[in-house]
Amino acid sequence: MCGIVACILKDGSAAPVLLECVRRLEYRGYDSVGIATSDPMIRIKKDSGKIDEVDAELDLADLPGSMGIAHVRWATHGLPTAENAHPHTDCSGEIAVVHNGIIENYLEVKEELESEGHIFRSETDTEVIPHLIEKYMDEGMDLEAATATALRKLRGAYAIAVVSSREPGRIVGARKESPLIVGVGEGEYFLASDVPAILNHTSRVIYLDDGEMVILDGDLRVTDMEGNTVEKEIHSIDWSADMAEKGGYDHFMLKEIHEEPSAVRDTLTEWDEVLGVVEEIGEVERICFVACGTSYHASLVGKYLFESLLGIPTDVILASEFRYSAGALNDRTLAIFISQSGETADTLNALRAANSRAKTLAIVNVLGSSATREAQHVLYTRAGPEIGVAATKTYVSQLTVIYMLVAAMGAPELMDRLGRVPEFMERALKDEDSIRELAATCSDVSDFFFIGRGFAYPTALEGALKLKEITYIHGEGYAAGELKHGPLALIDNGVPVVAISPPGPCHDKTLSNVEEVRARGARVIGVGSISDESLRKEADDFIGLDPEVDDVISPLIYIVPLQLLSYHVSVERGLDPDKPKNLAKCVTVE
Ligand code: F6R
């Protein structure tokens, strides 16, 4: 959460570049935005609100200087106000800092600094950083040493970028437990929370590790916190700038749903990597998936696959609950960590705890992210950058890797069926017009239910999550058989119930549950095979999918119309599906 950017250009104006880069990070937070440039005087423009709103009011690109820093905020400490917006400065306004993370001991440090005469202007944890740097620079240290000394005094997580008019032409960056990459251009350098921010300027990237600092001043030096130089590899990124553009679609989310067939196709090219990892991992007696949100739903599909096709006992644990519930790991357990970003704090903490107790595998979309460097084994989803806050193409790509893993571990027959998934998805996407029409008829309801059994149960959960996060309509996903144990009391006249019922052994039982909700007045939206006459008959509305898609493979295809439904309901309600309120794409706090 929060996105930071910094750049130091050969010539030209930094502010428009910073604005363009930070726009590409807006998925990380949109409570406020701010830019500081140095020429060498520090000048700052910042305010609460989304980038477009603040830019219209302040003209953010109109700042002098060829270097600077920028920030988008997802508020943790302090309300989303102009005062709390980054960059934050020291007393003199000569040092400016942007920060992603949380400084845990900021209150005690702030008290100490205030007793020494420092004047604070915000409620943020971040503001202690420029004041500490000021204190150490006043004692005679240079910017680099003062930043390192300040950071040694702080507990918590940070990725920061610092500029000071006292040392013109220099930017200092550092990271601990929050992501920070260095972009290496032709005589110009960038810092960013994530690769898509800088793709328009360079595809050469250095991944900083925890406890490392970077000094940019027409040259580039990476050090540890004691100032010792660290040699780093420069990686070439094969993501293009276009991949992080809307490409003619109204929203990133819609574009990303339409990219699902190619995301699955590209992810299927990882088959050799999957085989290699399975061989390295060796014998496994138990699987334990750990993840959050949508990645947790992908993990649940994994449980059904591993247990029903391979007979391997499988647990699925929410990453935030891992430390309270994962007792039984051992060296024959494979703990699988699923994360689009590879930076989710809960998932990373669980991974760190599991590393010494089990074999660990991370399934991640973002190249070089923390999870990829901490897990013993890594598999990538090849979804490309996902900018919409709601996970869509990365979900189906995660599923694809899980199916490939199951295929490689003993169910090779899955691979033929996986090969046809992109074609089934393309057919599902062709139905968008009728889903848009359906969305228009249910955009003003207050509750929505999603039900499914077996492989359709995780799809029900994910359908409900998509709906609530981008439409703000209360959505619940249930195992269809659970309704009669409580939730049925909520079903009333006209309440939409999306019944997910692919062909397979659960079909008839789901149909009985559909009859139960119908008898209580629900409006049933059936999602099943296009040739499923019994479901069509029971349903008020019907979404038909390819009859060859059975329950085992259904999680990959049946989610497509549900994502489209949520998207169109969101648009119908006049919302921005790419930037749901209170959420951010990369959740780097516990
Ligand atoms: C929902 C969504 C979130 C993420 C969750 C985990 O659409 O995107 O629920 O799935 O925050 O994020 P990652 O996968 O990056 O660990």
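Ala, Val, Leu, Ile, Met, Phe, Trp, Tyr, Cys and Pro count as nonpolar here, Asp, Glu, Lys and Arg as charged, and the others, Gly among them, as polar. This is a predicted model, where local features need pLDDT of at least 70 and side-chain atom pairs count only at pLDDT 80 or more, while totals for chains, interfaces and linings use all residues. Residues are numbered from 1 along each chain as its sequence is written, and side-chain values use heavy atoms, with hydrogens and water left out.

First, the layout. There are three domains: domain 1 (3-243), domain 2 (249-419) and domain 3 (428-576), with bounds from an automatic or database domain assignment. Between the centres of domain 1 and domain 3, taken over C-alpha atoms, the separation is 45 Å.

On a 1 Å grid over the protein atoms alone, a cavity is a set of points where a 1.4 Å probe fits but cannot get out; a pocket is an open set with protein on both sides within 12 Å along at least five of seven lines; and lining residues have an atom within 4 Å of a point. Grid points are joined across faces, edges and corners, and a volume is the space filled by probe spheres set on the points.

The whole structure has four cavities of 30 Å³ or more. The largest cavity comes to about 180 Å³. It has 25 lining residues, and Arg28, Ser193, Asp194, Ser341 and Val366 are the closest to its centre. That lining is made of 13 nonpolar, five polar and seven charged residues. Where does the largest cavity lie? Domain 1 and domain 2 both give residues to its lining, so it lies between them.

The second largest cavity has a volume of about 110 Å³. Its 17 lining residues include Cys2, Trp74, Thr76, Gly101 and Asp125, which lie nearest its centre. By class, the lining of the second largest cavity has six nonpolar, nine polar and two charged residues. Strand 6 (residues 95-103) gives the most to this lining, with four residues; helices (H or I, at least four residues) and strands (E, at least two) are DSSP runs, numbered from the N terminus.

The largest pocket holds about 620 Å³ of space. Of its 33 lining residues, Cys292, Gly293, Thr294, Lys585 and Val587 are the closest to the centre. Helix 9 gives the most to the lining of the largest pocket, with five residues. Domain 2 and domain 3 both contribute to that lining, so the largest pocket lies between them.

The second largest pocket has a volume of about 420 Å³. Its lining has 16 residues, with Arg23, Glu26, Lys246, Phe252 and Lys579 the closest to its centre. How do the residues of this lining divide by class? Four are nonpolar, one is polar and 11 are charged.

Last, the packing. A nonpolar core is a set of buried Ala, Val, Leu, Ile, Met, Phe, Trp, Tyr and Cys residues joined through side-chain atoms within 4.5 Å, where buried means under 20% relative accessible area, exposed over 50%, and partly exposed in between (1.4 Å probe, protein chains only). The largest such core has 81 residues, and Ile336, Phe448 and Ile557 have the most contacts inside it. Both domain 2 and domain 3 give residues to this core, so it lies between them. Another core, of 40 residues, lies apart from it, with Val5, Ala15, Ile237 and Trp239 among its members.
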